[in-house]
Amino acid sequence: MPTEISRLDIAAMVDHTLLKPEATAQDVRALVRDAQDLGVPHICVSPSMLPLSDTGDLVVAVVAGFPSGKHHSSVKAAEARLAVEQGAREVDMVIDVGAAIEGRYDDVEADVAAVREAMAPDAALKVIIESAALLASPRGEEAVVECCRAAERAGAQFVKTSTGFHPAGGASEEAVRLMAQTVDGRLGVKASGGIRDARAARAMIAAGATRLGLSATREVLDGADG
Ligand SMILES: O=C[C@H](O)COP(=O)(O)O
């Protein structure tokens, strides 16, 4: 295990995340305070929580088409546009996983492109491919690789493993490694879903993750001390 990955290294990669349906405005205020207290640079929240105040230097990410990805592309695009207008600097969109399972990668690309075009050029787009569901599907690794390629062709800045809400599971080292090999440094790779301790976080970074989506940020960072 690469113990040379320090707490600071991990913290710099974290999107401190609150996407639970029952989240309140008070919970989001606590998320912002936690992020500032823990020294993480980004937070990730649901669209209805915007606009936020008193976020200081925090980069705000908002999800679109979350969590099913089964929204019309124009709806995902409208969510992304509004989020950026309301102060988000990053958008985490969910693909239509069923389209990928059917091998309709051009449709995946068009969906991502619609969202990318709706966003200001300097805002970053992350594309959630629900890697555990794709790896469990008949096309397996091909679907992961082709979705990463579709995201890149459509102009995304990151590929992201998981919503954290899919029954197939969240991030795995296998998925992160495959995604990182596919984008080969041209895009970032965000590992998210089920990362609960420092050991898992370090394993994801060693596999090629450049960003971590965590709701258990405090537990992960506390475990990375020393
Ligand atoms: O996008 C981020 C995920 O929803 C976070 O998942 P988690 O609650 O399993 O850390």
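Student: Is K190 buried or exposed?
Tutor: K190 is buried, because 29 other C-beta atoms lie within 10 Å. Buried means 20 or more other C-beta atoms within 10 Å of a residue's own, exposed means 12 or fewer, and partly exposed is in between; C-beta atoms are placed from the backbone. Residues are numbered from 1 along each chain as its sequence is written. This is a predicted model: local features need pLDDT of at least 70, side-chain atom pairs count only at pLDDT 80 or more, and totals for chains, interfaces and linings use all residues.

Student: Where does K190 sit?
Tutor: In strand β7, residues 188-192. Strands are DSSP runs of E, at least two residues, numbered from the N terminus.

Student: What does the UniProt "active site" annotation cover?
Tutor: The unreviewed UniProt entry lists D92, K160 and K190. Such annotations may be inferred rather than shown by experiment; feature names are shortened, and positions use the numbering here.

Student: Why do they gather at one spot?
Tutor: They span 99 residues in sequence, yet no two of their C-alpha atoms are more than 10.0 Å apart, so they gather.

Student: And which residues does D92 contact?
Tutor: Leaving aside neighbours within four places in sequence, D92 contacts C44, A61, V63, K126, I128 and K160. Contact means C-beta atoms, placed from the backbone, within 7 Å. D92 lies in strand β4, residues 90-94.

Student: New topic. How many residues surround the ligand?
Tutor: 14, and the closest are T17, G164, S192, G213 and S215. A residue counts if its C-beta atom, placed from the backbone, lies within 6 Å of the molecule.

How values were computed:
Helices (H or I, at least four residues) and strands (E, at least two) are DSSP runs, numbered from the N terminus. Two residues are in contact if their C-beta atoms, placed from the backbone, lie within 7 Å.
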